[in-house]
Amino acid sequence: MNTAAQQRRKERIDRGIKVRTDGLYALMSWRELAYLIAPRSILIVGLLILPLVMPGRYWPRVISIACIYALVAMSFDFLAHYVGLVSLGGAFFVGIGSYLSAILNTSLGLPPLIAVPVATLAGGAFCTLVLLPCLPLRGVYFAIVTLMYPLFMARLIEALDIVGGTDGIMGIDSFPSAWIEQYGVIVMVLIFLFGLRRLVNTDFGLVLRAVKDNDQAVKASGMNITRYKALAVFIASATGCLAGACLAHIYMWTGISTFALDFSILPIAATVIGGSGTLVGPVLGCLILVPVSELLRDFGTLRIVFYSLILLAFVVFRSDGLMAYGQRKYDQFERWTKI
Amino acid sequence: MTGEPILQIKEVTKTFGGIIALNRVSFEVNRGEILGIIGPNGSGKTTIVNCITGFIKATSGHVYFHGKEITGKPPHKIADLGVTRTFQIMRPYYSLPAYKNLVIPLCSPRARRTGGWRGGGRLGDRNTVSIDIMEEIGFERDSYVPYKTTSTLPTGYLKRLELARCLALKPEMIICDEVFSGLSMSEIASMVPLIERLQMDGITLIMIEHRLRELFQVSNRIMVLNFGEKLVEGSAEEVMADPRVKEAYFGSEDIEEVMSHA
Ligand SMILES: Nc1ncnc2c1ncn2[C@@H]1O[C@H](COP(=O)(O)OP(=O)(O)OP(=O)(O)O)[C@@H](O)[C@H]1O
Ligand SMILES: [Mg+2]
């Protein structure tokens with residue numbers, strides 16, 4: 001007793017271009033080349049054009065903020081998916097980066113273009129150092145402890161009234177020009193995106209994934225997993241600190257709100273929407289979520305409801321995220337066949 | 001054939017809360033030999049492996065490798081010295097292709113130091129080396145098997161992969177925790193020559209087994225554990241003749257099988 005609907009099914013066929021071997025491209029034709037390059041170039045060109053087509057001064061700024069979030073989201077995705085450390089402390093990296101760059105700029109007089117890289121590296125080192133004791137923790141325990149770090153820092157600054165207390169640090173220099181400000185973060189997002197994607201495909205990245213899969217076997221292979229985890233945390237926290245440092249110079253102000261939960265939670269939501277484990281997914285997720293949450297600003301607190309609904313819909317209907325969905329559509333034909 | 005002791009275990013005790021898993025166990029392993037360890041379930045065999053390789057800390061007692069104390073060192077340091085192990089519950093990287101499992105040990109400081117393998121050049125020398133090792137351990141080079149996702153491989157291959165992980169480190173010693181269990185008779189038969197070849201290559205082995213017949217075939221010496229204590233130690237015949245061993249194994253299939261063939 002088959003109904004009409006049961007008599008046909010969707011068939012998926014690979015587009016059949018499998019030219020990627022380990023680190024080598026064996027390209028057969030221009031079509032295949034285009035097939036490989038198209039998605040990357042659309043992303044790069046799209047990101048570079050985006051500020052030009054945005055009206056006014058407000059929307060380009062939103063793009064900058066989205067890029068800041070994108071850096072944090074990539075850092076989350078890298079740690080969670082490739083190292084198995086689910087960090088809820090994105091705000092910690094952002095806060096440390098932004099305070100460091102602010103202090104380097106206002107107290108030592110370093111120009112932003114020097115303060116930002118220094119804050120990135122020093123902040124990464126500092127975050128790694130204080131996270132070192134948590135590295136043996138797993139799963140939920142690591143998540144909870146990292147969630148505490150930014151909250152702790154915010155209360156510490158408030159209670160001790162250090163580095164500007166509740167007022168924050170004002171009078172931070174902005175980037176030398178609006179162009180540098182706009183494109184600096186965009187280029188950084190692209191560099192970190194392609195850099196991280198390359199990294200996870202090296203042997204080093206393979207060891208990190210092995211640590212996530214099965215840390216006992218990595219220990220039995222004569223490798224110090226704490227060292228590998230620490231290196232990965234350094235990479236991730238430096239990425240987050242870079243985001244924070246740029247933020248300080250874009251707003252020309254920093255304060256304890258950089259340690260706020262938003263910087264921990266929104267990147268995770270963006271990763272869910274974009275597709276975890278893809279590194280591109282989180283970037284796309286931020287480019288969608290940040291503008292949407294700006295649009296919903298008029299609704300006041302009600303936007304949290306919209307926001308939750310979007311997230312809920314993604315978790316229920318598209319739990320592998322937009323990227324996985326898009327990739328499937330791109331790599332495979334689909335058609336209905338009778339059975 | 002066998003030389004001076006290279007691994008010495010002295011009075012090792014391990015308690016888990018109230019359970020005494022190991023009670024003052026002492027023994028030595030000589031260079032180049034195969035020492036078999038047998039004992040009923042729960043007699044502390046895996047626990048002694050964990051104590052030697054640093055995966056758990058002994059409550060008291062000492063372990064010496066080449067006369068130097070290695071008690072309480074972290075697992076990666078002990079593996080770095082050349083004392084490697086397999087896991088009773090296999091621990092491959094399920095999500096990776098099978099051959100990539102070996103790229104990880106090949107990245108370790110020991111594998112890089114002991115040379116032999118030509119480092120990890122840009123075009124993926126480590127991949128080539130890992131395929132070489134897999135061939136050595138019984139994967140067919142030209143089949144698809146080494147390239148399959150590990151989670152799809154049958155037990156026999158996973159056991160071999162455990163051994164291959166040890167081999168990638170160019171070990172001095174391999175401690176095999178039940179590499180024969182879960183395998184069919186024919187699979188075991190194909191593993192035995194492999195073990196013998198490892199010994200000929202100068203690797204010292206400790207083999208923990210429930211498959212007594214195959215174990216007696218390859219091992220030079222047998223030690224029996226029961227309730228965390230060492231019962232006896234000696235040649236296979238000596239051990240099996242001991243009434244205490246018969247008592248410990250009373251009613252168990254392992255011994256009946258061996259006795260029926262003896
Ligand atoms: N992590 C642990 N916590 C508590 N008890 C443990 C732990 N590991 C082992 N034990 C106990 O120690 C004893 C010895 O266990 P062990 O795993 O060494 O036995 P085994 O000889 O390897 O057994 P099998 O032949 O089943 O592998 C058992 O009674 C076991 O319950
Ligand atoms: Mg055991």
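**Note on the chain A and chain B model**

1. Between chain B and chain A there are seven residue pairs in polar contact, both residues being at pLDDT 80 or more. A polar contact is a pair of N or O atoms within 3.5 Å; within protein, one must be able to donate a hydrogen and the other to accept it, and residues adjacent in sequence count only if both atoms are side-chain atoms. On the side of chain B that touches chain A, helix H2 (75-81), helix H3 (100-106), helix H4 (109-113) and helix H5 (125-136) of chain B each supply at least two residues. Helices here are DSSP runs (H or I, at least four residues), as are strands (E, at least two), numbered from the N terminus. By class, this side of chain B has 16 nonpolar, four polar and seven charged residues. Ala, Val, Leu, Ile, Met, Phe, Trp, Tyr, Cys and Pro count as nonpolar, Asp, Glu, Lys and Arg as charged, and the others, Gly among them, as polar.

2. On the basis of the note: this is a predicted model, in which local features need pLDDT of at least 70 and side-chain atom pairs count only at pLDDT 80 or more, while totals for chains, interfaces and linings use all residues. Residues are numbered from 1 along each chain as its sequence is written, chains are lettered from A and ligands numbered from 1 in the order in which they are written, and side-chain values use heavy atoms, with hydrogens and water left out.

3. In the interface, 27 residues of chain B are in contact (heavy atoms within 4.5 Å) with 19 residues of chain A. The two chains bury about 1,900 Å² between them, 61% of it on carbon and sulfur atoms. Buried area is the accessible area (1.4 Å probe) that two parts lose on being put together, summed over both. B:His76, B:Tyr93 and B:Ile104 supply 28% of the area that chain B buries against chain A, more than any other three residues.

4. One salt bridge is counted between chain B and chain A. A salt bridge is a side-chain nitrogen of Lys or Arg within 4 Å of a carboxyl oxygen of Asp or Glu. The side chains of B:Arg126 and A:Asp203 meet in a salt bridge, with N to O at 2.6 Å.

5. B:Thr46 lies in helix H1 (residues 45-53) of chain B and B:Gln88 in the loop between strand S6 (83-85) and H3, so the pair ties together parts that are 42 residues apart in sequence.

6. Over all chains, the structure holds twelve salt bridges. One of them joins A:Arg155 and A:Glu158, with the closest N and O atoms 2.9 Å apart. These residues are three apart in helix H5 (residues 139-160) of chain A, so about one helical turn separates them.

7. In chain B, B:Glu233 and B:Lys230 form a salt bridge (2.5 Å, N to O). B:Glu33, B:Arg221, B:Lys230 and B:Glu233 are linked in a network of salt bridges. B:Arg244 and B:Asp242 also meet in a salt bridge (3.2 Å, N to O). B:Arg244 is partly exposed, at 42% relative accessible area, whereas B:Asp242 is buried, at 14%. Buried means under 20% relative accessible area, exposed over 50%, and partly exposed in between (1.4 Å probe, protein chains only).
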